[in-house]
Amino acid sequence: MTGWDASPSGLLVLDPDGTVRQANGAVRRWTGRDDVVGVRLPDLLSVGGRIYWETHLGPLLHVERRLDEVLVELRGPDGRLPVLLTAVVGDDGAVHAALSSARERARFERELVAARHAAERSEAQLRALQGTTAALSRALGPDAVLDALLDAAVGALGAAAATAFAADGDALSVHGARHEDPAPLPAGPVLSRAPRADGDRVLVPLHGSAALRGVLSVKPRDDAGAEPLDLDVLDAVGAQAGLALDRAQLHAQTASVAAELQHSLLDVTPPSDARFSVAAVYRPGVEALEVGGDFYDVFLVDEGVLAVVVGDVVGRGLQAASAMGQLRSAVRALAAPGTGPAELLSRLDRFVDQVEAAGMATLAYAELELATGVLRYACAGHPPPLLLAGAAAPRLLWEGRSTPLGALLGRGRRTESVEQLPPGARLLLCTDGLFERRDRSLDEGLELLTGVAAEVATAPLGEAVRSLTSRMLADERGRDDVCVLLVQWVGGVLERPVRDVDDLAVARGDLSVWLRARGAVPAVAEEVVLAASEALVNALQHSGPGVRLRAETTPGPEGDQVVVTVLDAGRWRPAAADPERGRGLQIIGALVDDVVLEAGSGTTVVLRRRLEERAS
Amino acid sequence: MTAVADPAARHAVTTTGRADGAPMVFAHGFGCDQGMWRHVAPRFEATHRVVLFDHVGAGRSDLSAWSPERHGRLEGYAADVIELVEALGLPPVVFVGHSVSAMIGVLAAAERPDLFDRLVLVGPSPRYVDAPGYRGGFSQEEIDELLETMDGNYLGWSQHIAPVIMGQPDRPELGEELSSSFCRTDPAIARRFARTTFLSDNREDLGRVRTPSLVVQCGDDVIAPVEVGQYVHDHLAGSDLVVLDVTGHCPNLSAPDDLSAAIEAWLAR
């Protein structure tokens, strides 16, 4: 045996095109054939090795003129034999190749590769799972969960198309599809826990903890280069989606119960009375998809006292809605004649001590004496009421402030304050969502609110509160609940002294507001004010101090009429003796339906005018 | 699909030859890069404008442009070619495609005949796996074995090669640039490209082509046997067939004279 044949390595001499010219004993042994001369080297290799040779090694050898330690497999009598191939191209163009057995190295390399594959696969699985799980957990309702699942199926999970079915008991219905028309319903019941093949598709059951929540049907990609679907990942995603659907369904139920509860609690029918008007706006926040704890209420404490309240319970959801309901009932139950706002807040402190969820709620509470316009109010950590009185600038009522409910228990006193409202005055109560924004201070928010309120102050009550709310919320995208309450004291009787000509202008303003609050159209109000003004001027000229203005409404034969009385301590002379005064009475007579001049210890002029406009 | 600002950069385009010559675009096959045309392309520089490029994932192409969806089908590679030819603003080109690029050229010409003057298909195969009434040269099992071997030889098929070649101190004649780029492909992409190449079936697409074409077949080619070249010629309307007396799948390296002569003769007709 020559050294050539005795070599432990396989030795070959090849033609430039790879045809074996010479081969030693090791080559013949490994390949199990004696006829290797004349055969091309790639034909001695496995299919993979052959293609590798034709597409990579051959070109490399041609260009680089050598190959070093490339792993290929020989086709042997006992299967494939891994060998390391080293080859150089000699000056004569012949290729000198050496093969050394690489069983050990190949095994080692296979293990390395297997480990690397396993690591890559589990990393890819983990990435797909994590992405999908995150998307599922962000979804807020069952529909959103199935949408997220569909997106993940044709995204991270690599399906060509997917259809999702929602389960209701045993019945499945199509939820939606991606990259295809919805697939037909799976034939037969979906009983398995694991994904299973269904024709050319894969069905992934979405099991919740108690029941089947849905089914995902995925279509694998049929592109030549596509990776097969990973059933392990689909299995895990199916389980995650089932639980996400459980959670979403529970959440949706809770949310809808809370929304219903809140709706019923806020379904306030305010008491109706000619002495006041109320308008409210409640705008639920949509961002959180959960009800908040804002509320308002309007009720009569007794025949002569109107209570208005706006509050804000901490938190969101069912618990906040239920706490809000309890607190609102507590306000009604605890408010009683003679109690007053400060005492009411003290009692509410004791109440929230028992009802933990209502603790730290804030509240603005006011009682209005309907006969006099006296307003008593108190704020427990709540934004101050805003007073809109006649022509005066809107004013925040900063008195009567104390801490949120429950914060003060046993350690301080509740305070209240009093304000005299002029007839027609309006009072605005709201929750902080109306003006509070992340990007501005509370003071700036309140300043803005005051400015907008001034601009809408003279609009009819309902329009005013709606327009104010929409303008204040123009820059806000439904982040928070907002509750706005606007109450107007009409004032049963307007009665005030008119001291001098300067005071006359204010009195005219008060009368005008009072008339408008009673429903007089502008033209009527203007004429009545003009008539009353004429009478007041006369009275001031002839009696000096002691002039009084009184206005009230009474039912008349043709609808409500307004009765304006101007009293003074002096004596009007007959018209004939005082042409100027006579003209005054004529002017008054033209403006109202009826004018009566009564002389006694002083003079009384009584003007009557229907509230509705006269037919001309 | 990602919008690509510059397909020429994406494909590491090299342009040589006569600026006013008729354009010839050379496309490499599975496994290597534009270096495969080193012995053929220069022969056309005197008469043609010669454009060489790398498919996405090969050579010096922009690897970030590779996408599993787009490049999971040969149509994605054909779309790359169409974008490239359009971006270069060339008159209708002579497209010379080797191996899998022959079919990529067929798909591109079927889609946009206006961009292609002629096709030269070197070692084409519309389907590598045998099918009833069709012999592609490989059984399904063999292709599975190939893909398995490729998966198993992950290191050997890819980055293993280049470092070993580069690390040869006894070969100072070997430029580092050459060794570091020739036949170097991203291993993950090469693996997917192998699936796309060997599992595609584009036989139906042959009938969509009206571009005059030349099928160049090697007499002894284990990757694309003679029957396959004949099949392509039979199904490609108005095509010519040349069989070179050459062994192997890469006449552009092993028989550049024969290949160039065949192309020149056909173009001159």
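Tutor: A:Arg65 lies in the loop between H3 and E3 of chain A; helices (H or I, at least four residues) and strands (E, at least two) are DSSP runs, numbered from the N terminus. This is a predicted model, where local features need pLDDT of at least 70, side-chain atom pairs count only at pLDDT 80 or more, and totals for chains, interfaces and linings use all residues. Residues are numbered from 1 along each chain as its sequence is written, while chains are lettered from A and ligands numbered from 1 in the order in which they are written.

A:Arg65 isn't a glycine, yet its phi is positive, near 70°. It has 15 C-beta neighbours inside 10 Å, so A:Arg65 counts as partly exposed. The cut-offs: a residue is buried if 20 or more other C-beta atoms lie within 10 Å of its own, exposed if 12 or fewer, and partly exposed in between, with C-beta atoms placed from the backbone.

Five strands of chain A make an open sheet in the order E2-E1-E5-E4-E3, with antiparallel pairing; two strands pair if DSSP finds at least two bridges between them. Strand E2 (20-23) and strand E3 (66-76) of chain A stand at the edges with a single partner strand each, so one side of each has no neighbour in the sheet. From one strand to the next, the twist averages 30°. Axes here are lines fitted to C-alpha atoms, for helices over the stretch in contact, and angles run from 0 to 180 degrees between N-to-C directions.

Go along the pairs. E3(A) is joined by 9 bridges to strand E4 (residues 79-89) of chain A, and the two run antiparallel. In that pairing, A:Arg66 stands opposite A:Val88 in E4(A). Two helices pack on this sheet. Helix H3 (residues 47-64) of chain A touches E3, E4 and strand E5 (95-101) of chain A, and its direction makes about 155° with that of E3(A). Helix H4 (residues 103-138) of chain A also touches E3, E4 and E5 of chain A, with its direction at about 105° to that of E4(A). Contact means that the C-beta atoms of two residues, placed from the backbone, lie within 7 Å.

E4(A) pairs with E5(A) in the antiparallel sense over 7 bridges, and A:Val83 stands opposite A:Ser101 in E5(A). The hairpin of E4(A) and E5(A) has 5 residues between the strands, and there A:Gly93 takes a positive phi near 90°. On to E1: strand E1 (residues 10-14) of chain A is joined to E5(A) by 5 bridges, again antiparallel, with A:Gly10 opposite A:Leu99 in E5(A).

Chain A has another non-glycine with a positive phi: A:Met360, at about 65°. A:Met360 sits in the loop between helix H8 (341-354) and strand E14 (362-369) of chain A. With 18 C-beta neighbours inside 10 Å, A:Met360 counts as partly exposed.

Further along chain A, 5 strands form an open, antiparallel sheet in the order E11-E21-E20-E16-E17. Its edge strands are strand E11 (276-283) and strand E17 (395-396) of chain A, each pairing on one side only. Strand E20 (residues 426-430) and strand E21 (residues 482-489) of chain A run antiparallel, joined by 5 bridges. A:Leu429 has A:Leu485 in E21(A) as its bridge partner. Helix H10 (residues 461-472) of chain A packs on this sheet, touching E11 and E21 of chain A, and its direction makes about 30° with that of E11(A).

Finally, the partner chain. Chain B has 11 helices and 7 strands, and of its 269 residues 52% count as buried. In helix H3 (residues 100-111) of chain B, 11 of the 12 residues are buried, so H3(B) is largely enclosed by the rest of the structure. As for the meeting of the chains, 42 residues of chain B are in contact with 33 residues of chain A. H4(B) gives the most to the side of chain B that touches chain A, with 6 residues.

Key
Expected span 1.5 Å × (residues − 1).
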